[in-house]
Amino acid sequence: MLVNMHIKNLALIEEADIDFYEGLNILTGETGAGKSILLGSMNLALGEKIPKEMIRDESIPAVVDLVFQVDDPDTLSKLQELEIDTEDGCIILSRRIVSGRSIAKINGLAVTASLLRNVSAYLINIHGQHEHEILLKKKKHLEILDEYSKDKIFSIKSNAKELYKSYINLKKEYESYSMDEEERIRQIEFLEFEINEIKSADLKIGEDEVLEAEYKKMQYAQKISSAIAQAYELIDEGQYSISESLSRAIRSISSVVEYDSDLDDINTQIIDISNLTNDLSRALSDYMSDMEFREEEFYEVTKRLDLINHLKSKYGRSIEDVIGTLEEKCDLLNKLNNYEEEKIRTKDNLNKALEELMIQYDKLSLLRQECAAAFEEKITESLEELNFNDVKFKVDFQRKEDVSADGIDDVEFLIRTNAGAELMSLSKIASGGELSRIMLAIKELLADTDEAATLIFDEIDTGISGRTAQMVSVKLSRISKKRQVICITHLPQIASMADAHFLIEKNVKDNVTKTNIVPLSYDESVNELARMLGGAAITEAVITNAKEMKQLAKERD
């Protein structure tokens, strides 16, 4: 769960440090106090893009840190697969923005924003203000059903996915057999030319490196000869060569070594150096003897290198690539020479792949429909608890005309909100408030399968009030028994259910506006509920009402 959030220099928040708790964490505040800033800051730490306007003061770093405590073994295992250190179960997600540059870290180690997003998916699930609108997108309905059904369909869906990849590859291969005879002959002739061009070169792996070394040596032969000759002259020719100087030194020391035994070591060193110098002199002499520039050989090396580089420019960056290209072109030529036979063979393989795929897709569809029946029943029951009277929820299955990566099922959620009415798509009959409640029912159902231990709801109460709001608050409280819930709300019915209550308030000091996030005691929570109930006029009656709401919430709990 999320245990701490630290924010610095973002929007109206100069600095804030918030400890969250198990159960239902409620955040309230006046309109415009900065509730959206909190969620925006959280999204930054989870790897989302950074709106420039969120940075409060560009001269100092903006920071968001989220500290999670993970105890679930499956979640820890999946994080370890992403190479995240989970030794003590503490996971710290950080985002730091300095001079327009973003630095993402997990447990103090720099990571990419994409890895940050991948990791956060196992830790937290955010339901934003407009997320319920995804229910208006029919293609999302199958994703939701599959998420609910994942334990039962995972194996067969994974198998079907691999079969679909094979099917698509075969389909592309078969579609490539669409040329006429004239085009086939033209391609055969061109392939034969290319194959002959590569084969006639008789390439050897590594020969280009050897040739390039020889070419470089020949190209700079005169410069090399001059340098070697100068070195040889300095070492072994002339009155003041190194060899002559060392010989003189040996004779000089040898003439007096018998008078002082300490000179033995010096004499030996000079002799050793002289021997090394003589060896070096012979090596230079041998090199000069072998250094013979032959124009014809230089021409052959240059010609061979030009041919190899020409082939590499056409068929690959290296000789290995060119040889690989040759094999591919030989395979293609073989197919073109046996065009009709290969076309028939590919068609047979495609039909077999489709047949095998359809068997898996039919099994997947049956499993989905079995799961959908339980899904319908549970969602309908949950919607009744959310003050939908005479409601009926159904998952409608239609068969797609063509297969896709998801299978053959065209799924849509249908609903009836009045007795005797027809089942219709959500987009035709559901209001914003109704969609929010439907999404809440789905979230509760998915809480059992969701890997994230923390759920965040941003104004799930949009478009509801009264008894419906009370029922939504009970639903949120129920979800918080399975997962940590953090909820931003403007309804007192929901706020009264808080296990931990925070106030988001905006203050102006020295003409500077700042947003603060303050944990509330029981009495402070009552006062905040009274504000939400009574607006500007907070009377004793309103205070009493707020206390009663807290008491009733405790009894329902």
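This briefing covers the cysteines and the salt bridges of the structure above. The model is predicted, and a search of the whole structure finds 27 salt bridges, while the count of disulfides comes to zero. Among the residues joined by salt bridges, Asp146, Lys157, Arg368 and Asp409 are linked in a network.

**Cysteines**
- A disulfide is a covalent bond between the sulfur atoms of two cysteines, and the number found in this model is zero.
- Cys487 counts as buried, because its relative accessibility is 0%, whereas Cys330, at 28% relative accessibility, counts as partly exposed.

- Side chains of opposite charge can pair when their charged atoms come close.
- The side chain of Asp146 meets that of Lys157 in a salt bridge with an N to O distance of 2.8 Å; Asp146 is buried, with a relative accessible area of 6%, while Lys157 counts as partly exposed at 29% relative accessibility.
- Asp146 also forms a salt bridge with Arg368, again at 2.8 Å from N to O, and because Arg368 lies in helix 12 (residues 339–385) and Asp146 in helix 4 (residues 138–175), this pair ties together parts that are 222 residues apart in sequence.
- Arg368 and Asp146 are both buried.

**The pair Arg304 and Glu207**
- Arg304 and Glu207 form a salt bridge in which the closest N and O atoms are 2.8 Å apart, and since Arg304 belongs to helix 10 (residues 295–315) and Glu207 to helix 6 (residues 207–219), the pair ties together parts that are 97 residues apart in sequence.
- Arg304 counts as partly exposed at 22% relative accessibility, whereas Glu207 is buried, with a relative accessible area of 15%.

How values were computed:
Residues numbered from 1 in each chain as written. Predicted model: local features only at pLDDT ≥ 70, side-chain atom pairs only at ≥ 80, totals over all residues. Heavy atoms only, no water. Disulfide = S-S within 2.5 Å. Buried < 20%, exposed > 50% of the residue type's maximum accessible area, 1.4 Å probe, protein only. Salt bridge = Lys/Arg side-chain N within 4 Å of Asp/Glu carboxyl O. Helix = DSSP H or I, 4+ residues; strand = E, 2+ residues; numbered from the N terminus.
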